[in-house]
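Please have the sequence and the model open while reading.

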Protein chains: 2
Amino acid sequence: MREVTTAQTPTRNRGSRRTEILDAAARLFAARGFHGVSIEDIGTAVGTSGPALYRHFSGKEALLAEMLLDISERLHASAAARVTAAPDAEQALDALLNGQIEFALGHPALITVHDRELGNVPEPARRQIRRLQRLYVEEWVTVLSELYPGCPPARLRAATHAVFGLLNSTPHSAGELPPEAMAPLMRAMARAALAEAGN
Amino acid sequence: MREVTTAQTPTRNRGSRRTEILDAAARLFAARGFHGVSIEDIGTAVGTSGPALYRHFSGKEALLAEMLLDISERLHASAAARVTAAPDAEQALDALLNGQIEFALGHPALITVHDRELGNVPEPARRQIRRLQRLYVEEWVTVLSELYPGCPPARLRAATHAVFGLLNSTPHSAGELPPEAMAPLMRAMARAALAEAGN
DNA sequence: CGGTGACGTTAATGATGACTAACATCCTCG
DNA sequence: CGAGGATGTTAGTCATCATTAACGTCACCG
């Protein structure tokens, strides 16, 4: 009858299971796609079997929704913080680039899921995710507009999407270069591409 | 009892149905993913119902395999032809860029499927597709190596993948700019990014 | 101790979906 | 005309899967 047993495995950090599930699901979704992964697969990946997941999420789509919402929020929040902290547009762009590159290299599965599986998110959450994505893009466009006035926003928006494509491709071309070499390369390429787009 | 009726709908160009099916399937796969599309969906899209497809393809995976194989072949063949026709490396790179941009803007669904669904192709064909993709990349790396000697091939390979990510993102960011504006923008951005990667 | 809540487990249940079977059409060629 | 082949159709069949039900376990709190 001691409360000595405070460590071990019990008294799990609350929510640790949820995030463990989200992580495993992200990896699986990234590798095989939402419909290519079964609830049972996810359960197995976290050491429980199948329906145990319903203790943590109301369903497969809800799980995906929470995953994408979390990603969008992190990206947007980080971008907003970095931009407001930067002294000028030049450094704001650097900060945005660094943030996106860190995220893409640090969480390849999340990036992959983020730009492939929006279509499988049910409607209440879908709109919210889209909204955050839009805000994130506008963060970039605003900075770029300041850096390249005279360049039409539509062009800058297209350029931004293209740069996302460039940076987010790193999860797929994994292994070509070590991350220490990859990050500066991506930064340099993205910067050059944006400078060219700005004219 | 005339054979006057040579036109109309009968006497279909042989194979027209097959390619019609492949087109429809590509659009559906691009939009919802391989596992998100049913045989019935594809049938409906071409005006027949479900199992009629088995008259043309041995199964869903075989259909995907043929689709990806065809894309890889077209990309590789076009690249090889353009490179050998080009007088120098500079123009070879231009030709490669133009080819990829034309393809990405002209067949957005094919590009999307091409870099998402390889994992669902069964093994005999998978290897073949990978081989063609590798050859395609090497076509780029070879040209870039000539243009930027001294730059390690691994870096050029990574840069090539990144540029594919940039160019292939156009299907997703559709609508930002008209294609006439999009193509030159992508060309300029890709060129700048590659020049930067080459040092 | 008794109970409550968090977390799992193993059987349904009910859809959906790939693929096959059995059965037309109809065009073409002999 | 009549056989053959190409192309469809509709009703199975059999898996797989998401979700739910019914039933433990166990830690903790009163």
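## Contacts with DNA strand D

In this predicted model, a backbone N or O atom of Val37(A) lies 3.3 Å from a phosphate oxygen of DNA strand D, a polar contact in the sense of a pair of N or O atoms within 3.5 Å, where within protein one atom must be able to donate a hydrogen and the other to accept it, and residues adjacent in sequence count only if both atoms are side-chain atoms.

In total, 16 residues surround DNA strand D, and the closest are Ile39(A), Tyr54(A), Arg17(B), Arg55(B) and His56(B); a residue counts as near the strand if one of its heavy atoms lies within 4 Å of it. Of the atoms of DNA strand D that come within 4 Å of the protein, 53% belong to sugar and phosphate.

## The interface of chains A and B

Contact, meaning heavy atoms within 4.5 Å, links 29 residues of chain A with 29 residues of chain B. Between them the two chains bury about 2300 Å², 72% of it on carbon and sulfur atoms; this is the accessible area (1.4 Å probe) that two parts lose on being put together, summed over both. On the side of chain A, Arg116(A), Glu176(A) and Met189(A) lose the most area to chain B, together 22% of what that side buries.

There are 2 salt bridges between the chains, each a side-chain nitrogen of Lys or Arg within 4 Å of a carboxyl oxygen of Asp or Glu. Arg157(B) forms a salt bridge with Glu176(A), with the closest N and O atoms 3.7 Å apart. The side of chain A that touches chain B divides into 16 nonpolar, 6 polar and 7 charged residues.

## Conventions

Residues are numbered from 1 along each chain as its sequence is written, and chains are lettered from A and ligands numbered from 1 in the order in which they are written. As this is a predicted model, local features need pLDDT of at least 70 and side-chain atom pairs count only at pLDDT 80 or more, whereas totals for chains, interfaces and linings use all residues, and side-chain values use heavy atoms, with hydrogens and water left out.

Technical notes. Ala, Val, Leu, Ile, Met, Phe, Trp, Tyr, Cys and Pro count as nonpolar, Asp, Glu, Lys and Arg as charged, and the others, Gly among them, as polar.
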